Amino acid sequence: MIFDISDSMFRRIFDDENLHLPIQWNGNDFYLCLEVLFNKYFKNIKSELVDSRDDNDNHNFLDFPIKQVCSLIKSSVKHYLDGFPAQAYESLDILMGLLQQRPLRVYKKSCFELLEGYNDKLNLFRVAKVDDNIPYARTRIFHTPYNLRSKVSTSRYSIAGYPSLYLGTSLELCCEEIQYNPHNEFAIASKFKIERSIKFNDTEISVIELALKPQDFFNRENDSGINRRRFNVIDLSDAKIKKAYLLWYPLIAACSFIRTNKSHPFAVEYIIPQLLMQWVRLEMERKHYHDYDQLIGIRYFSCASKRASDMGFNYVFPVSGNQTSPQFPYCPVLSRAFKLTKPHFINEYYDIKDCERSLIYDKNLDFVGK
């Protein structure tokens with residue numbers, strides 16, 4: 001089935017600021033808010049097809065896949081709010097089966113897909129607040145160890161008690177995510193690099209793209225190159241990307257609501273992203289090979305605030321695999337997949353940018369625990 005949409009039609013659909021992401025909402029009725037959003041989205045698409053009623057492919061695409069995607073997301077949320085998380089996941093699983101037939105973008109990050117001598121330019125960072133101004137080992141800035149699960153609070157892509165490794169493409173973004181105040185708090189930062197050598201890491205690594213906002217397709221040339229740098233690995237002018245995005249937009253939107261109250265123990269905004277992470281973890285099990293491991297991550301824009309959403313990208317990777325020894329309570333798959341620098345104290349630098357520059361030039365990378 002072919003859905004034919006021109007660049008001008010795509011622009012008219014998403015020029016509507018009500019569809020721009022992330023979404024700041026009133027915090028009252030999440031299901032109703034989703035329904036209003038999807039109805040607006042569906043109406044915008046349908047209005048673009050009013051002059052092409054003879055094009056059955058267009059209308060089939062509209063009436064079946066897009067409607068079904070929106071319906072499955074709403075169904076998942078309703079089941080969850082009604083106290084049926086298993087049924088909520090079943091709807092999400094069906095949704096992902098549908099979306100996988102029309103993939104948006106999956107980045108292959110392991111050595112298997114790379115040419116010899118490939119220069120990996122992806123720098124990822126992580127920041128952690130600390131209480132003391134003392135030297136810290138790499139383990140302090142890795143994911144929360146298994147034996148301290150009780151300290152893992154609910155996050156956008158992970159449930160309470162289940163550790164995940166969250167990374168960002170800029171140090172400023174990482175500081176924004178944890179609301180770090182350099183005037184009265186200590187914080188450490190490390191640079192992370194994906195280990196691409198099969199000698200050390202035979203894990204197959206993939207990253208699902210959820211970091212596209214509608215406005216990114218139109219602002220590439222109007223922001224002094226910021227978005228061009230952010231999207232140096234994906235061509236937003238590609239017609240195939242735009243067609244796939246029409247189908248993926250409802251899922252990305254459902255994962256991109258700004259949390260209204262961080263002091264409350266339950267975040268309705270996290271329902272879909274957390275169910276999606278459960279799907280990722282099961283997908284890792286389904287694709288597990290006998291001779292090497294599978295690691296799937298998600299790339300997304302920050303939803304801490306609208307300002308933060310333009311600072312770069314976040315990456316999240318769930319822990320997997322069994323703890324290998326009591327002395328090393330960390331994920332064996334993630335610990336082989338990344339090398340990182342020893343932590344730097346951000347406070348010791350002139351500003352956050354100065355610390356980031358120092359981390360970028362720091363070549364002393366090693367596996368966690370070293």
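**Exercise 1.** Work out how much accessible surface the protein chain has, and what share belongs to carbon and sulfur atoms.

*Solution.* Start with the total: the accessible surface of the protein chain is about 17,800 Å² (Shrake-Rupley method, 1.4 Å probe). Then take the share: 48% belongs to carbon and sulfur atoms. Keep in mind that this is a predicted model, where local features need pLDDT of at least 70, side-chain atom pairs count only at pLDDT 80 or more, and totals for chains, interfaces and linings use all residues. Residues are numbered from 1 along each chain as its sequence is written, and side-chain values use heavy atoms, with hydrogens and water left out.

**Exercise 2.** Find out how strand 3 sits in the structure, and what it pairs with.

*Solution.* First, burial: five of the five residues in strand 3 (residues 164-168) are buried, so the rest of the structure largely encloses this strand. (Buried is under 20% relative accessible area with a 1.4 Å probe, protein chains only; strands are DSSP E runs of at least two residues, helices H or I runs of at least four, numbered from the N terminus.) Next, the faces: Ser164, Tyr166 and Gly168 point one way, Leu165 and Leu167 the other. Finally, the partner: strand 7 (residues 314-318) runs antiparallel to strand 3, joined by five bridges, with valine 316 as the bridge partner of tyrosine 166. (Pairing takes at least two DSSP bridges.)

Technical notes: Buried means under 20% relative accessible area, exposed over 50%, partly exposed in between (1.4 Å probe, protein chains only).
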